[in-house]
2 protein chains.
Amino acid sequence: LNTLTAYRNIVGDMGKLASALSLLGWDQQTHMPAKGVAIRSQVTGKLSKMLFEFLVSAELGAYLAELRNADGLSELERASVRRVGKDHDRNRAIPAELIEEQSIAQSQAQTAWVAARQASDFAAFQPHLEKMVGYARKFAEYYGYEEHPYDALLEDYEPGMTCRKLKAIIEPLRAELVPFLRRLMEKGTRPDTSLLDGTFDAETQRRLCRRALEVIRYDFEAGDLADVAHPFTTTIGPGDVRITNRYLEAQLLSSLFGALHEGGHALYNQGMPEELYALGLARGASNGIHESQSRMIENQVGRSLQFWTFFQPVLAEFFPQFKKAKANDLCAAANVVSPSLIRVEADEVTYNFHIMVRFEIEAGLLDGSIDVADLPRLWNDAMKRYLGVVPPNDAQGVLQDVHWSMGYFGYFPSYMLGNLYAAQMFRTLRKEIPTLDASIQAGNFEPLLGWLREKVHRHGGAYEPQELMRRITGHELDGSHFVSYVTEKYGAIYKL
Amino acid sequence: LNTLTAYRNIVGDMGKLASALSLLGWDQQTHMPAKGVAIRSQVTGKLSKMLFEFLVSAELGAYLAELRNADGLSELERASVRRVGKDHDRNRAIPAELIEEQSIAQSQAQTAWVAARQASDFAAFQPHLEKMVGYARKFAEYYGYEEHPYDALLEDYEPGMTCRKLKAIIEPLRAELVPFLRRLMEKGTRPDTSLLDGTFDAETQRRLCRRALEVIRYDFEAGDLADVAHPFTTTIGPGDVRITNRYLEAQLLSSLFGALHEGGHALYNQGMPEELYALGLARGASNGIHESQSRMIENQVGRSLQFWTFFQPVLAEFFPQFKKAKANDLCAAANVVSPSLIRVEADEVTYNFHIMVRFEIEAGLLDGSIDVADLPRLWNDAMKRYLGVVPPNDAQGVLQDVHWSMGYFGYFPSYMLGNLYAAQMFRTLRKEIPTLDASIQAGNFEPLLGWLREKVHRHGGAYEPQELMRRITGHELDGSHFVSYVTEKYGAIYKL
């Protein structure tokens, strides 16, 4: 099969450009000096364009056409042809001028968003957002869809997901969680967090995070931990998956959970065999599945009593004031629920509400039932309905996230799906490893990691998310597992 | 001039690939985890190949042919056409298969060299070195030359330099410096270095080096200081010129002079306008001129009494044991001369001898008057003649440098030329700025930097080295300035 070799070569070359782009992006956030930005954006622009040209090339198209009907491909090769083929088709569907135009509008919208958020001035951002919505709607038409234009965009982040399916997931979730949150706030007992008061040296936090990452079996020989303003994980290639974090001296747990979250993402990529990288399957099954890996390590593991039973003496090694702290009290303090304005600061119970607010608005923007001009009002109404809080200004409301200025419509649901996938997977995991609690409590994370590697990591993007969930848990995504998880856990912590 | 725009675009694109390659290289030495090496070498290989394909492309060749005879180009554009044109011609002169072959042999030779040096086993390296010499001779024939095959290779590192010119430079230098070194050793008084005994915390050294770099006006907003095993400077682009350094707890001054040396290289690139980068002229006038900038800051400035008069209290801020140290004593201790085996540890007086040894051998290997098999003996003989010391083994002798295993024949003279250029430039500088000593002594490095920017940095690779020297000092390279500098300085320090 000469075509297969040629196909693998071109996909391999795309992977090499993508690796260089990952490093350029990582460096831009970690080590690049301020004055390096001009050349960096030129270099990134050039390599991105080269990568795009590979992706939409007639050459790749010809290989894909032949390989789609070929025999003798391995299972992973077939998955690669499906996945790369979809990317190829979608990107060829959009006229090159439109992509160029949108990319210019995007960079203007981003600049405008930064200024608008700073001034809390939605009107200044509105024309830019209208443009970005316009492009999203055009793209949706070019991509094509059966029911709802939003479906065409969701496909980028969560293959197979649709507006209808999302509504069917959200409805029961909302119906259960809105009253649960009210009960929690009205009848529950808020954990005492005073033991976390104080200031905590940043360098000591950094060392603590390093230890926590070792504990969860993050491989430092295949990674790096650097400082940034907004933490993220970057995959430069097999054997090079880097975590970043930040350290706030007034908030000890912020950096720790940041490290566990990014560590979860990183374990996913560190657990993928090289063949997945070579075939363009190393982005994972979907954004939502990737998020499930970070949320599981952060929440199901890191915010559990088993974890704190093991981790309290570790914490005390670094911050001796916790020598006599009780695991119970630390765990409770790490699980405070409070309806708040900002998504990225939300707890497990309220996080999904922030997504529901955004999903309602995005779907309406895409099908034309919502006007951009009405967003501030609609945002505040929805916040009131879901969370019972209303932003005092748009900076803390509709202007808080960067996504729309980038044209990322359809991205937000991944965060919620990540939470739901994590709860469902973790339920299966506990059933299949009855000794899990005991091993976490003993600081042995090998059984956990072994299961994740076998069931999730090693498959990378070989399966679409619902197929992966069927293989792991026996059925497709079912939000009720998240409801049980959250109501049981927080019912107990809040002594309902 | 549409051709000019097309030419500038292609050279601009080459610059972007080169920038990405610089970052990949920098990261490999600074932050890349051990397991990241496999994908890194693939990525670097791919981008290098792309860059090479741009350079030898028929498209670029056509633009160059047209622009060589075109009117209306700026002076810098004409320089770019000369310089890029030469690179294009030279690289097209070599058959692609031969480049491929040589590159494979090179990577084998490097691996063999590492093992051979470790085992001090020249015989194990000999067949690889013979191959590398063979390729160098073939390349020289393809490049073409008038007098000596070595000239064809020198051109890569030092445009316009020839074997004959080098001999004419070396002969009087040798004639003066060999007896001077003997007198220094026999009749001079070696400075007392005991005040530098002790161990010096690495983190404090790192902060001291940062301060020293601020002092010489290195711009941290356009750079970065990272840790490595072997210090170097990398230019990622205008506004992004990064220094690396290492810290030995037993050798305080090693990191300081390392920082000043790399800082000198970095000031050169930080001082080049963007237009030079856009036109492929940002590598500098030559390797030797680049080295002159690092050696001047390290030696003419950093090893002067004026510098230490200012720097002693700064040093004492970081290492209080130097509170009562005298500038005189610190300066003398930083200027110890001792004939030694290892080039990279050599002082100002003996450094050039190490280069003369290598030059004699390289020229002989290229014209066939020397056989690789005789190298250990010839090396040791030459060391005896120039320095009066003989290596106890080949690891500390003929096997000490990596260059030959990389096929870099003709590179070594740049180091010596850097020393000579620096002495000659510095003489002019002091004449033109009579207050230089006073300003350095006061910690004001602005006059020095202003002069370097105006005379050297802002021109980048616009002029060939001898033309640049004429413009700066009124005449071409003249080694006698270095002789005066060294004999006056060390005669005084050694109380001859």
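Trainee: What makes up the area buried between chain A and chain B, and how much of the area comes from carbon and sulfur atoms?

Mentor: In this predicted model, the area buried between chain A and chain B is about 2800 Å², and carbon and sulfur atoms give 64% of it. This is called buried area because it is the accessible area, found with a 1.4 Å probe, that two parts lose on being put together, summed over both. Being a predicted model, it is read with limits: local features need pLDDT of at least 70, side-chain atom pairs count only at pLDDT 80 or more, and totals for chains, interfaces and linings use all residues. Residues are numbered from 1 along each chain as its sequence is written, chains are lettered from A and ligands numbered from 1 in the order in which they are written, and side-chain values use heavy atoms, with hydrogens and water left out.

Trainee: How many residues does each chain bring to the contact?

Mentor: Chain A brings 35 residues and chain B brings 35 residues, where contact means heavy atoms within 4.5 Å.

Trainee: Why is the pair A:Asp13 and B:Lys46 called a salt bridge?

Mentor: The term asks for a side-chain nitrogen of Lys or Arg within 4 Å of a carboxyl oxygen of Asp or Glu. The side chains of A:Asp13 and B:Lys46 have N and O 3.0 Å apart, so the pair qualifies under that rule. Between chain A and chain B the count is 8 salt bridges, and there are also 13 residue pairs in polar contact, with both residues at pLDDT 80 or more. A polar contact is a pair of N or O atoms within 3.5 Å; within protein, one must be able to donate a hydrogen and the other to accept it, and residues adjacent in sequence count only if both atoms are side-chain atoms.

Trainee: Which elements of chain A supply at least two residues each to the side that touches chain B?

Mentor: They are α1 (2–30), α2 (37–55), β2 (233–237) and β3 (240–245) of chain A, where helices (H or I, at least four residues) and strands (E, at least two) are DSSP runs numbered from the N terminus. Of these, α1(A) gives the most to that side, with 9 residues. The residues on that side of chain A divide into 17 nonpolar, 7 polar and 11 charged; here Ala, Val, Leu, Ile, Met, Phe, Trp, Tyr, Cys and Pro count as nonpolar, Asp, Glu, Lys and Arg as charged, and the others, Gly among them, as polar.

Trainee: Which residues are linked with A:Asp27 in a network of salt bridges?

Mentor: A:Asp27 is linked with A:Arg40, B:Asp240 and B:Arg242.

Trainee: Is B:Ser80 buried or exposed, and how do you know?

Mentor: B:Ser80 has a relative accessible area of 0%, while buried means under 20%, exposed over 50%, and partly exposed in between (1.4 Å probe, protein chains only), so B:Ser80 is buried. This residue is found in helix α4 (residues 75–93) of chain B, and its side chain makes a polar contact with the side chain of B:Tyr7 at 2.7 Å. Leaving aside neighbours within four places in sequence, B:Ser80 is in contact with B:Tyr7, B:Gly85, B:Leu279 and B:Leu281.

Trainee: How do you know what span helix α5 of chain B should have?

Mentor: The expected span is 1.5 Å times one less than the number of residues, so the 24 residues of helix α5 (residues 96–119) of chain B should span 34 Å, and the end C-alpha atoms are 35 Å apart, which agrees. Among the buried residues of α5(B) are B:Leu98, B:Gln102 and B:Trp113, and the buried residues of this helix pack against α6 (122–143) of chain B. After α5(B) comes B:Ser120, whose phi is positive, near 50°.

Trainee: What makes B:Arg295 and B:Glu298 about one helical turn apart, and are the two residues buried or exposed?

Mentor: They are 3 residues apart in helix α12 (residues 287–301) of chain B, which is why they are separated by about one helical turn. B:Arg295, at 7%, and B:Glu298, at 10%, both count as buried.

Trainee: Where do B:Glu147 and B:Arg164 lie?

Mentor: Their side chains meet in a salt bridge at 2.8 Å, N to O. The pair links distant parts of the chain, 17 residues apart, with B:Glu147 in the loop between α6 and α7 (149–157) of chain B and B:Arg164 in helix α8 (residues 163–187) of chain B. B:Glu147, at 48% relative accessibility, is partly exposed, whereas B:Arg164, at 55%, is exposed.
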